[in-house]
Amino acid sequence: MKTHGALCLLGLLCHHGLHAQRITNVTPEAVGDKIIIRYDIEQSKEDQLFEVALYYSKDKFSQTLRNVSGNGVGSAVSFGKDLVIIWDVLQDVPELTGEFTFEVRAFIKSKITAATTMVSASDRNVSVTNKDEAYPLISNTLTDYINEAKDFKDAFQMLGVQATESRQALAKLTEATEQYNRAFEKLNKERLTFEKYVATFWKSEVQTLEFKSLMDYAIGDLHSVNVLTLNQKIATINDIANSRVKRPGEVKKELAKDISEEVLRLDKRLQELERRTNRILYTLSQD
(Lines give C-alpha, C1' and ligand atoms only; values in the text may rest on other atoms or scores of the structure.)
Protein backbone atom coordinates (compact mmCIF):
# COMPACT_ATOMS: atom_id res chain seq x y z
CA MET A 1 0.00 0.00 0.00
CA LYS A 2 1.24 3.53 -0.77
CA THR A 3 0.13 6.78 0.82
CA HIS A 4 1.10 10.23 -0.43
CA GLY A 5 1.42 13.58 1.31
CA ALA A 6 2.82 16.87 -0.02
CA LEU A 7 4.28 20.12 1.25
CA CYS A 8 5.23 22.71 -1.40
CA LEU A 9 7.97 20.91 -3.34
CA LEU A 10 8.18 18.09 -0.87
CA GLY A 11 6.54 14.78 -1.74
CA LEU A 12 6.13 11.83 0.58
CA LEU A 13 5.67 8.18 -0.26
CA CYS A 14 4.86 5.66 2.46
CA HIS A 15 5.30 1.97 1.93
CA HIS A 16 5.11 -1.00 4.21
CA GLY A 17 5.22 -4.74 3.70
CA LEU A 18 2.19 -5.38 5.91
CA HIS A 19 -1.36 -6.53 5.28
CA ALA A 20 -3.75 -5.60 8.11
CA GLN A 21 -1.59 -2.72 9.32
CA ARG A 22 -1.78 0.65 7.60
CA ILE A 23 0.34 3.80 7.51
CA THR A 24 -1.99 6.79 7.36
CA ASN A 25 -2.23 10.56 7.91
CA VAL A 26 1.23 11.25 6.52
CA THR A 27 2.12 14.92 6.96
CA PRO A 28 5.52 16.37 5.95
CA GLU A 29 6.71 19.75 7.20
CA ALA A 30 9.88 21.77 6.59
CA VAL A 31 11.16 23.46 9.77
CA GLY A 32 14.39 25.38 9.24
CA ASP A 33 17.01 22.91 8.01
CA LYS A 34 14.98 19.91 9.18
CA ILE A 35 12.17 17.93 7.63
CA ILE A 36 9.56 16.59 10.03
CA ILE A 37 7.34 13.74 8.90
CA ARG A 38 4.32 12.68 10.96
CA TYR A 39 2.30 9.55 10.36
CA ASP A 40 0.13 6.92 12.06
CA ILE A 41 0.42 3.14 12.13
CA GLU A 42 -3.10 1.76 12.44
CA GLN A 43 -4.77 -1.64 12.79
CA SER A 44 -1.74 -3.17 14.46
CA LYS A 45 -1.70 -5.63 17.32
CA GLU A 46 -0.57 -4.25 20.66
CA ASP A 47 2.30 -6.73 20.90
CA GLN A 48 3.87 -5.74 17.58
CA LEU A 49 6.97 -3.61 17.06
CA PHE A 50 8.21 -2.18 13.77
CA GLU A 51 11.52 -1.36 12.18
CA VAL A 52 11.12 1.99 10.42
CA ALA A 53 13.58 3.77 8.12
CA LEU A 54 13.46 6.85 5.90
CA TYR A 55 14.68 7.00 2.28
CA TYR A 56 14.55 9.61 -0.48
CA SER A 57 14.54 9.72 -4.26
CA LYS A 58 17.86 11.51 -4.89
CA ASP A 59 19.72 8.20 -4.52
CA LYS A 60 16.77 6.20 -5.88
CA PHE A 61 15.82 5.07 -2.35
CA SER A 62 19.00 3.01 -2.13
CA GLN A 63 20.28 4.07 1.30
CA THR A 64 18.72 4.79 4.67
CA LEU A 65 18.95 8.41 5.74
CA ARG A 66 21.19 8.32 8.80
CA ASN A 67 20.66 11.55 10.73
CA VAL A 68 17.09 10.91 11.74
CA SER A 69 15.40 10.90 15.14
CA GLY A 70 11.95 10.79 16.69
CA ASN A 71 9.57 8.21 18.05
CA GLY A 72 8.63 7.07 14.53
CA VAL A 73 11.99 5.75 13.35
CA GLY A 74 14.38 3.04 14.47
CA SER A 75 14.37 -0.64 15.32
CA ALA A 76 11.58 -0.71 17.92
CA VAL A 77 8.73 1.58 16.92
CA SER A 78 5.37 0.94 18.55
CA PHE A 79 2.15 1.43 16.63
CA GLY A 80 0.12 4.53 17.34
CA LYS A 81 -0.80 8.01 16.23
CA ASP A 82 1.38 11.06 15.58
CA LEU A 83 4.61 9.14 15.10
CA VAL A 84 7.39 11.53 14.13
CA ILE A 85 10.57 11.32 12.06
CA ILE A 86 12.94 14.30 12.13
CA TRP A 87 15.56 14.41 9.38
CA ASP A 88 18.51 16.73 10.04
CA VAL A 89 19.02 17.48 6.35
CA LEU A 90 22.40 19.22 6.36
CA GLN A 91 23.99 16.41 8.35
CA ASP A 92 23.40 14.08 5.39
CA VAL A 93 23.52 16.36 2.33
CA PRO A 94 24.98 19.84 1.69
CA GLU A 95 21.62 21.14 0.45
CA LEU A 96 18.14 19.98 -0.48
CA THR A 97 16.58 21.84 -3.39
CA GLY A 98 13.97 21.03 -5.99
CA GLU A 99 11.35 18.31 -5.73
CA PHE A 100 12.04 15.08 -3.90
CA THR A 101 10.08 12.03 -2.90
CA PHE A 102 10.56 10.43 0.50
CA GLU A 103 9.75 6.88 1.47
CA VAL A 104 8.97 5.58 4.95
CA ARG A 105 9.45 1.84 5.18
CA ALA A 106 7.92 0.05 8.14
CA PHE A 107 8.25 -3.69 8.63
CA ILE A 108 7.22 -5.90 11.51
CA LYS A 109 10.41 -6.52 13.45
CA SER A 110 9.31 -8.48 16.49
CA LYS A 111 6.61 -8.97 19.04
CA ILE A 112 6.66 -7.89 22.65
CA THR A 113 6.95 -11.12 24.63
CA ALA A 114 4.51 -12.28 27.27
CA ALA A 115 7.28 -11.92 29.85
CA THR A 116 7.69 -8.26 28.92
CA THR A 117 3.97 -7.73 29.28
CA MET A 118 3.99 -9.38 32.69
CA VAL A 119 6.84 -7.21 33.91
CA SER A 120 5.03 -4.10 32.73
CA ALA A 121 1.90 -5.14 34.58
CA SER A 122 3.76 -5.95 37.77
CA ASP A 123 5.49 -2.56 37.68
CA ARG A 124 2.13 -0.97 38.35
CA ASN A 125 1.39 -3.54 41.06
CA VAL A 126 -2.17 -2.29 41.43
CA SER A 127 -5.54 -3.10 39.94
CA VAL A 128 -7.14 0.20 38.95
CA THR A 129 -10.91 -0.03 39.19
CA ASN A 130 -12.14 3.57 39.46
CA LYS A 131 -11.25 7.20 38.86
CA ASP A 132 -10.04 7.75 42.43
CA GLU A 133 -7.32 5.17 41.86
CA ALA A 134 -6.57 6.28 38.28
CA TYR A 135 -6.28 10.01 38.92
CA PRO A 136 -3.11 10.04 41.10
CA LEU A 137 -1.33 7.73 38.64
CA ILE A 138 -2.15 10.06 35.75
CA SER A 139 -1.41 13.23 37.70
CA ASN A 140 1.91 12.05 39.16
CA THR A 141 3.23 10.73 35.85
CA LEU A 142 2.34 13.91 33.95
CA THR A 143 3.72 16.19 36.66
CA ASP A 144 6.96 14.23 36.88
CA TYR A 145 7.37 14.39 33.10
CA ILE A 146 6.87 18.16 32.99
CA ASN A 147 9.33 18.72 35.85
CA GLU A 148 12.00 16.57 34.21
CA ALA A 149 11.44 18.33 30.88
CA LYS A 150 11.97 21.69 32.62
CA ASP A 151 15.19 20.41 34.20
CA PHE A 152 16.33 19.15 30.81
CA LYS A 153 15.67 22.58 29.26
CA ASP A 154 17.45 24.39 32.09
CA ALA A 155 20.45 22.06 31.83
CA PHE A 156 20.91 22.85 28.16
CA GLN A 157 20.40 26.55 28.75
CA MET A 158 23.00 26.75 31.54
CA LEU A 159 25.45 23.97 30.62
CA GLY A 160 25.14 23.37 26.87
CA VAL A 161 28.07 25.49 25.69
CA GLN A 162 29.99 25.03 28.95
CA ALA A 163 29.90 21.26 28.38
CA THR A 164 32.23 21.67 25.37
CA GLU A 165 35.03 22.57 27.82
CA SER A 166 34.02 20.97 31.12
CA ARG A 167 33.60 17.25 31.72
CA GLN A 168 31.67 18.05 34.89
CA ALA A 169 29.18 20.20 32.96
CA LEU A 170 28.85 17.47 30.33
CA ALA A 171 28.19 14.88 33.06
CA LYS A 172 25.44 17.05 34.57
CA LEU A 173 23.91 17.62 31.14
CA THR A 174 23.98 13.88 30.45
CA GLU A 175 22.38 13.14 33.83
CA ALA A 176 19.55 15.61 33.17
CA THR A 177 18.99 13.99 29.78
CA GLU A 178 18.85 10.50 31.27
CA GLN A 179 16.40 11.57 33.97
CA TYR A 180 14.19 13.16 31.33
CA ASN A 181 14.36 10.01 29.21
CA ARG A 182 13.16 7.88 32.14
CA ALA A 183 10.19 10.20 32.73
CA PHE A 184 9.34 10.21 29.03
CA GLU A 185 9.58 6.43 28.71
CA LYS A 186 7.21 6.01 31.63
CA LEU A 187 4.68 8.46 30.17
CA ASN A 188 4.96 6.91 26.71
CA LYS A 189 4.54 3.37 28.12
CA GLU A 190 1.45 4.32 30.13
CA ARG A 191 -0.15 6.54 27.51
CA LEU A 192 -2.68 4.07 26.11
CA THR A 193 -3.51 2.83 29.62
CA PHE A 194 -4.18 6.37 30.85
CA GLU A 195 -6.33 7.15 27.80
CA LYS A 196 -8.34 4.00 28.52
CA TYR A 197 -8.76 5.04 32.16
CA VAL A 198 -10.15 8.44 31.19
CA ALA A 199 -12.54 6.95 28.63
CA THR A 200 -13.71 4.19 31.00
CA PHE A 201 -13.96 5.95 34.37
CA TRP A 202 -14.91 9.53 33.45
CA LYS A 203 -17.24 8.47 30.62
CA SER A 204 -16.96 11.84 28.83
CA GLU A 205 -16.23 11.99 25.13
CA VAL A 206 -14.99 15.56 25.46
CA GLN A 207 -12.57 14.73 28.28
CA THR A 208 -11.37 11.63 26.44
CA LEU A 209 -10.59 13.62 23.28
CA GLU A 210 -8.94 16.42 25.25
CA PHE A 211 -6.75 13.96 27.14
CA LYS A 212 -5.69 12.23 23.91
CA SER A 213 -4.85 15.65 22.48
CA LEU A 214 -2.72 16.37 25.55
CA MET A 215 -0.79 13.13 25.07
CA ASP A 216 -0.29 13.90 21.39
CA TYR A 217 1.09 17.32 22.32
CA ALA A 218 3.47 16.00 24.99
CA ILE A 219 4.78 12.96 23.13
CA GLY A 220 4.46 14.26 19.59
CA ASP A 221 4.98 18.00 19.43
CA LEU A 222 7.09 18.64 22.52
CA HIS A 223 9.19 15.48 22.73
CA SER A 224 9.55 14.38 19.14
CA VAL A 225 10.22 17.87 17.78
CA ASN A 226 11.60 20.16 20.48
CA VAL A 227 13.33 17.79 22.90
CA LEU A 228 14.89 15.51 20.29
CA THR A 229 16.07 18.46 18.21
CA LEU A 230 17.80 19.93 21.26
CA ASN A 231 19.15 16.53 22.27
CA GLN A 232 20.92 16.22 18.91
CA LYS A 233 23.23 19.04 20.02
CA ILE A 234 24.98 16.63 22.38
CA ALA A 235 26.76 15.11 19.36
CA THR A 236 28.12 18.55 18.44
CA ILE A 237 29.12 19.19 22.06
CA ASN A 238 31.08 15.92 22.12
CA ASP A 239 32.72 16.70 18.78
CA ILE A 240 33.94 20.08 20.04
CA ALA A 241 35.05 18.65 23.38
CA ASN A 242 37.08 15.95 21.63
CA SER A 243 38.58 18.31 18.99
CA ARG A 244 36.81 16.62 16.10
CA VAL A 245 35.71 19.82 14.35
CA LYS A 246 37.49 22.37 12.22
CA ARG A 247 37.25 26.00 13.36
CA PRO A 248 35.89 25.08 16.83
CA GLY A 249 35.30 28.73 17.69
CA GLU A 250 32.84 29.15 14.83
CA VAL A 251 31.17 25.83 15.58
CA LYS A 252 30.81 26.75 19.25
CA LYS A 253 29.29 30.12 18.32
CA GLU A 254 26.76 28.41 16.05
CA LEU A 255 26.05 25.85 18.78
CA ALA A 256 25.30 28.59 21.30
CA LYS A 257 22.91 30.23 18.82
CA ASP A 258 21.14 26.94 18.06
CA ILE A 259 20.77 26.02 21.75
CA SER A 260 19.39 29.46 22.59
CA GLU A 261 16.78 29.22 19.83
CA GLU A 262 15.79 25.63 20.64
CA VAL A 263 15.56 26.34 24.38
CA LEU A 264 13.20 29.23 23.64
CA ARG A 265 10.98 27.02 21.48
CA LEU A 266 10.97 24.27 24.10
CA ASP A 267 10.16 26.75 26.87
CA LYS A 268 7.09 27.99 24.97
CA ARG A 269 5.91 24.42 24.38
CA LEU A 270 6.45 23.55 28.05
CA GLN A 271 4.37 26.52 29.16
CA GLU A 272 1.57 25.41 26.86
CA LEU A 273 1.85 21.79 28.03
CA GLU A 274 1.71 22.84 31.67
CA ARG A 275 -1.31 25.06 31.01
CA ARG A 276 -3.18 22.24 29.26
CA THR A 277 -2.18 19.68 31.88
CA ASN A 278 -3.32 21.84 34.81
CA ARG A 279 -6.66 22.51 33.14
CA ILE A 280 -7.33 18.86 32.30
CA LEU A 281 -6.20 17.56 35.69
CA TYR A 282 -8.42 20.10 37.42
CA THR A 283 -11.40 19.01 35.30
CA LEU A 284 -10.75 15.33 36.03
CA SER A 285 -10.40 16.02 39.75
CA GLN A 286 -13.76 17.76 39.89
CA ASP A 287 -15.81 15.04 38.18
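The lining of the second largest pocket in this predicted model is made up of nine nonpolar, seven polar and 14 charged residues. The pocket itself has a volume of about 870 Å³. Of its 30 lining residues, those closest to the centre are Asp-33, Lys-34, Asp-88, Gln-232 and Lys-233. Six elements each supply at least two residues of this lining: the strands β3 (22-31) and β4 (34-42), and the helices α1 (89-92), α5 (205-231), α6 (233-241) and α7 (248-286). Helix α7 gives the most, with eight residues.

**The protein as a whole**

The protein has 287 residues, and 44% of them count as buried. Its secondary structure consists of seven helices and nine strands. Among contacts with a separation of 6 or more, 68% are between residues 24 or more positions apart.

**Aromatic residues**

A pair of aromatic rings is described by the distance of the centres and the angle of the planes. The structure holds eight aromatic pairs, and two of these are described here. Tyr-56 and Trp-87 are both buried.

The other pair is Phe-194 with Tyr-197, and its geometry is tilted, with the centres 6.2 Å apart and the planes at 40 degrees. Both residues lie in helix α4 (residues 167-202), where three residues, or about one turn of the helix, separate Phe-194 from Tyr-197. Phe-194 and Tyr-197 are each buried.

There is also an aromatic cluster, formed by Tyr-145, Phe-152, Phe-156, Tyr-180 and Phe-184.

Two arginines lie over the faces of tyrosine rings, as the table shows.

| Arginine | Ring | Distance from ring centre |
|---|---|---|
| Arg-105 | Tyr-55 | 3.7 Å |
| Arg-276 | Tyr-217 | 4.2 Å |

**Buried residues in helices and strands**

Thr-277 is found in helix α7, the helix that gives the most to the pocket lining. Thr-277 counts as buried because its relative accessible area is 2%, and buried means under 20%. Apart from residues up to four places away in sequence, Thr-277 touches Leu-142, Ile-146 and Leu-214.

Leu-170 is located in helix α4, the helix that also holds Phe-194 and Tyr-197. The relative accessible area of Leu-170 is 18%, so this residue is buried under the 20% limit. With neighbours within four places in sequence left aside, Leu-170 is in contact with Ala-163, Ile-237 and Asn-238. Leu-170 and Leu-159 are eleven residues apart in sequence, and their C-alpha atoms are 7.3 Å apart in space.

Ile-35 lies in strand β4, one of the elements that supply at least two residues of the pocket lining. Ile-35 counts as buried because its relative accessibility is 7%. Along the chain, Ile-35 and Ile-86 are 51 residues apart, while 5.8 Å separates their C-alpha atoms.

Asp-82 is a residue other than glycine with a positive phi, near 55 degrees.

Arg-247 is not a glycine either, and its phi is positive at about 50 degrees. Arg-247 sits in the loop between α6 and α7, two helices that each supply at least two residues of the pocket lining. Is Arg-247 buried or exposed? With 58% relative accessibility, Arg-247 counts as exposed, because the limit for exposed is over 50%.

Terms used
Residues are numbered from 1 along each chain as its sequence is written. This is a predicted model: local features need pLDDT of at least 70, side-chain atom pairs count only at pLDDT 80 or more; totals for chains, interfaces and linings use all residues. Side-chain values use heavy atoms; hydrogens and water are left out. On a 1 Å grid over the protein atoms alone, a cavity is a set of points where a 1.4 Å probe fits but cannot get out, and a pocket is an open set with protein on both sides within 12 Å along at least five of seven lines; lining residues have an atom within 4 Å of a point. Grid points are joined across faces, edges and corners, and a volume is the space filled by probe spheres set on the points. Helices (H or I, at least four residues) and strands (E, at least two) are DSSP runs, numbered from the N terminus. Ala, Val, Leu, Ile, Met, Phe, Trp, Tyr, Cys and Pro count as nonpolar, Asp, Glu, Lys and Arg as charged, and the others, Gly among them, as polar. Rings of Phe, Tyr and Trp (its six-membered ring) pair if their centres lie within 6.5 Å; planes under 30 degrees apart count as stacked, over 60 as edge-to-face and the rest as tilted. Buried means under 20% relative accessible area, exposed over 50%, partly exposed in between (1.4 Å probe, protein chains only). A charge sits over a ring if NZ of Lys or CZ of Arg is within 6 Å of the ring centre and within 35 degrees of the ring normal. Contact means heavy atoms within 4.5 Å.
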